[in-house]
There are 2 protein chains.
Amino acid sequence: MARMVAERADTIAPLAEVFREHGYEGASLALISKATGLGKGSLYHFFPNGKEEMVRAVLGEIGQWFEDAVYSPLRNESDVNGAICAMLASTDQYFRSGRRVCLVGALAVANTRDLFAQAIRGYFVAWVDALQSALIRQGREADQSRILAEEAVLTIQGAIVLSRAMDDPAVFQRAIDQLRGRLVIEKDTSNNEGTTDVSPQNEGRLV
Amino acid sequence: MARMVAERADTIAPLAEVFREHGYEGASLALISKATGLGKGSLYHFFPNGKEEMVRAVLGEIGQWFEDAVYSPLRNESDVNGAICAMLASTDQYFRSGRRVCLVGALAVANTRDLFAQAIRGYFVAWVDALQSALIRQGREADQSRILAEEAVLTIQGAIVLSRAMDDPAVFQRAIDQLRGRLVIEKDTSNNEGTTDVSPQNEGRLV
DNA sequence: GCGAGACTGTACCGATCGGTAAACAAATTA
DNA sequence: TAATTTGTTTACCGATCGGTACAGTCTCGC
């Protein structure tokens, strides 16, 4: 019959979207079929192990995207503040200011967590590690950087949950802005336009 | 046949647990039946509208528990710092340091969100409002308090996600400690130490 | 006692689930 | 052109899904 999809890779994006919207169990083969435009036969041709393999493919793609767009700059970029700002911008865009769910985070709280535990863990560990590396290169202490990196990643995940629950993208935006103020160290430039609210933050610097 | 359950209320706790563990779609009637010890007949006797009504009942119970244990003290307690510390302690205990998922948060990122949107929103709005009220009574500005309250609730949600993903309850604990440092205003007593873990309080009342 | 609900067990419903089999068409290679 | 690989369609499988029907059994007020 007519060939509809050139490569397996073309199915990843719609696959990701349908898993994000419906979860692992909720994404039925009928839904997946509609989203990708492929029948069951084709789906099982590309992914012989069914849904599990599809999710693994999606997680791999997501991991690669973050590696390239976020983790790698965080680890290697000499302009550390720039890399951190870029991370926040990419994140804001990627998650559509909280309107789009984080598939990895959603899987982490689902009962299917165990199936993908390693991939889920890897995604977050890489993120925290990369961010910690950047913070250390800012001149911060290693322990402090670890805590702060952890806090940043967790804040992003929480912001997605809360902004969706409240149906208010501004919640996500505020969290990102807050994060910027906490992660970016202003050197000497006197133009502090981003960090208008300095008062209550600085004092709670302990751990 | 033999009567097994005295009241509908007795089913709420196992119901909550099974929905937490398997999500709305993942919690099949077979699973629910096993968790509650009730056959379909009994289940549909207590909840004529099926799973949806079961979830609503659970959400109602959860909301009531938080109202009594967290929101109300936050709004009314004269010892504001005490109420905030109690909130953190209750939260840590309730979520078992991140080992237990927040059902409301999990529903918020699922595709079934729309079904329960109002209840989900209400849960979080009440939490943020109550915490904001406490922070204002601490002497903070209203706007600042709003932001800070939002940030605290979001941090708890994110901590659940991250600590589960990393399979490390310490992540959750650190986030709670961090929050304490940011929310509680020390008056004069230099007795900081923090955490100290109020020992395993009662464990009952599992909503 | 006895009737009325309140509760329970079981059989059953149509729909859908994830997954398989195989006939078949198009592109690729020889 | 012939053979092979690669992709697509369709029909089908047993299991399970959420939900219903209903007869049976309990408890309790009278």
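Helices here are DSSP runs of H or I with at least four residues, strands are runs of E with at least two, and both are numbered from the N terminus. The model is predicted: local features need pLDDT of at least 70, side-chain atom pairs count only at pLDDT 80 or more, and totals for chains, interfaces and linings use all residues. Residues are numbered from 1 along each chain as its sequence is written, chains are lettered from A and ligands numbered from 1 in the order written, and side-chain values use heavy atoms, without hydrogens and water.

**Exercise 1. Describe the lining of the largest cavity.**

Step 1. On a 1 Å grid over the protein atoms alone, a cavity is a set of points where a 1.4 Å probe fits but cannot get out; lining residues have an atom within 4 Å of a point. A volume is the space filled by probe spheres set on the points, which are joined across faces, edges and corners.

Step 2. Count and size. The structure holds four cavities of 30 Å³ or more. The largest has about 400 Å³ of space.

Step 3. Find the centre. The lining has 28 residues, and the closest to the centre are Gly23(A), Ala106(A), Ala110(A), Gly23(B) and Ala110(B).

Step 4. Assign elements. α1 and α6 of chain A, with α1 (12-26) and α6 (103-109) of chain B, each give at least two lining residues.

Step 5. Sort by class. Nonpolar means Ala, Val, Leu, Ile, Met, Phe, Trp, Tyr, Cys and Pro; charged means Asp, Glu, Lys and Arg; the others, Gly among them, are polar. The lining divides into 14 nonpolar, 10 polar and four charged residues.

**Exercise 2. Characterise the interface of chain A and chain B.**

Step 1. Count contacts (heavy atoms within 4.5 Å). Here 41 residues of chain A touch 38 of chain B.

Step 2. Take the buried area, the accessible area (1.4 Å probe) that two parts lose on being put together, summed over both. The chains bury about 3,700 Å² between them, 59% of it on carbon and sulfur atoms. Val109(A), Leu154(A) and Met166(A) supply 17% of the area that chain A buries against chain B, more than any other three residues.

Step 3. Look for salt bridges: a side-chain nitrogen of Lys or Arg within 4 Å of a carboxyl oxygen of Asp or Glu. The interface has four. In one, Arg174(A) pairs with Glu150(B), with the closest N and O atoms 2.9 Å apart.

Definitions and conventions. 1 Å grid on protein atoms, 1.4 Å probe; cavity = no way out; pocket = protein on both sides within 12 Å on 5 of 7 lines; lining within 4 Å.
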